[in-house]
Amino acid sequence: RKPRTVLLTGAAGGVGTLMRKLLPDYGYQLRLLDLVPVDGAPDAIVADLADREALRKAVRGVDAVIHLAGISLESTFEKVLAANVTGLHHLYEAAREEGVRRIVFASSNHAVGFTPRPRGDDPLVPVETPRRPDSFYGLSKCFGEDLAQLYWDLHEVETVSVRVGSCFPEPTSVRMLSMWLSPADCARLLHSALTAENVGHTVVYGSSANTRLWWDLSSARAIGYEPQDDSERFAERLIAEKGVPGEGDPDDLYLGGRFCTDPPRWPH
Ligand code: NAI
Ligand code: 15L
């Protein structure tokens, strides 16, 4: 089972821009969608996740969806609700109605952001750890994972929910040495998520094979992901530049780091 045509939502964003360069090498034909025009891609669909008709048209005829679109940082409850809750529901409805059977959903480390990071001999954080969102944003990713489960149980739409760590060309903080998902590993993981058989709804963590990893990649490896990168090559420089986060620094305490404490503060 290998999907060929894939709708990539959020194609104008950071991860979308990286993935639309890397995924065609795996043989995918990408259809792009974003709220804003996609640089260098005049055929990209410009649509809001609020627009059910546009989404239905966008998924028509594709084999799978990689869903990256939405609010990607903490925001007001109303904005998170519109894009990441209602918008996600629209996408799943469109997939169900059009018979699209595989979605890869960009969840986030912030769904479990208040989980203490392991220290010393502590085991790596398993994928089954209770969810502890650190923001309305993280809460919306918890909702997304549950929606994905519901659409599998009710409608046989399969999903791999990828709790992405930090996917950027390079890690930019000491915390990201633990969380980093290199763009090349992200493409590898998305490819595994698109092609693995019988995933039902599977939750995986999305990181490279980092020396300082905090979470357990075994469910990602079980769908065929073999990470090739390690953030350790950036460690000396980043630690020299930024210093190791001190005792009590949220970047050292929690998986979600500063999302647990930083502005925007409550209530919105
Ligand atoms: P981004 O903010 O750069 O890109 C998101 C894209 O979604 C933007 O181009 C935006 O225009 C589009 N979008 C927002 N609202 C929309 C709407 N209502 N309708 C249609 N499009 C809409 O975010 P990034 O970093 O590329 O992340 C992509 C996905 O991965 C997001 O879902 C994010 O939550 C998730 N993620 C990313 C991580 C990272 O390290 N970059 C870490 C964890 C999760
Ligand atoms: C996320 O979920 C965000 O979308 C991304 O911009 C980063 O902040 C990332 O998490 C992170 O925790 O580093």
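Let's start at ligand 2: the residues around it are Ser72, Leu73, Ser108, Asn109, His110, Ser166, Met176 and Met179, where a residue counts as near if its C-beta atom, placed from the backbone, lies within 6 Å. That shell divides into 3 nonpolar, 5 polar and no charged residues; Met and Leu are among the types that count as nonpolar, while Asp, Glu, Lys and Arg count as charged and the others as polar.

Keep in mind that this is a predicted model, in which local features need pLDDT of at least 70, side-chain atom pairs count only at pLDDT 80 or more, and totals for chains, interfaces and linings use all residues. Residues are numbered from 1 along each chain as its sequence is written, and chains are lettered from A and ligands numbered from 1 in the order in which they are written.

Zooming out, the protein has 9 helices and 7 strands, taken as DSSP runs (helices H or I, at least four residues; strands E, at least two) numbered from the N terminus. Of its 268 residues, 47% count as buried, meaning 20 or more other C-beta atoms lie within 10 Å of a residue's own.

Now for some strand pairs, which need at least two DSSP bridges between them:

| Pair | Sense | Bridges | Partners |
|---|---|---|---|
| β1 (residues 5-9) and β2 (residues 29-34) | parallel | 5 bridges | leucine 8 and leucine 32 |

Terms used:
Buried ≥ 20, exposed ≤ 12 C-beta atoms within 10 Å, placed from the backbone.
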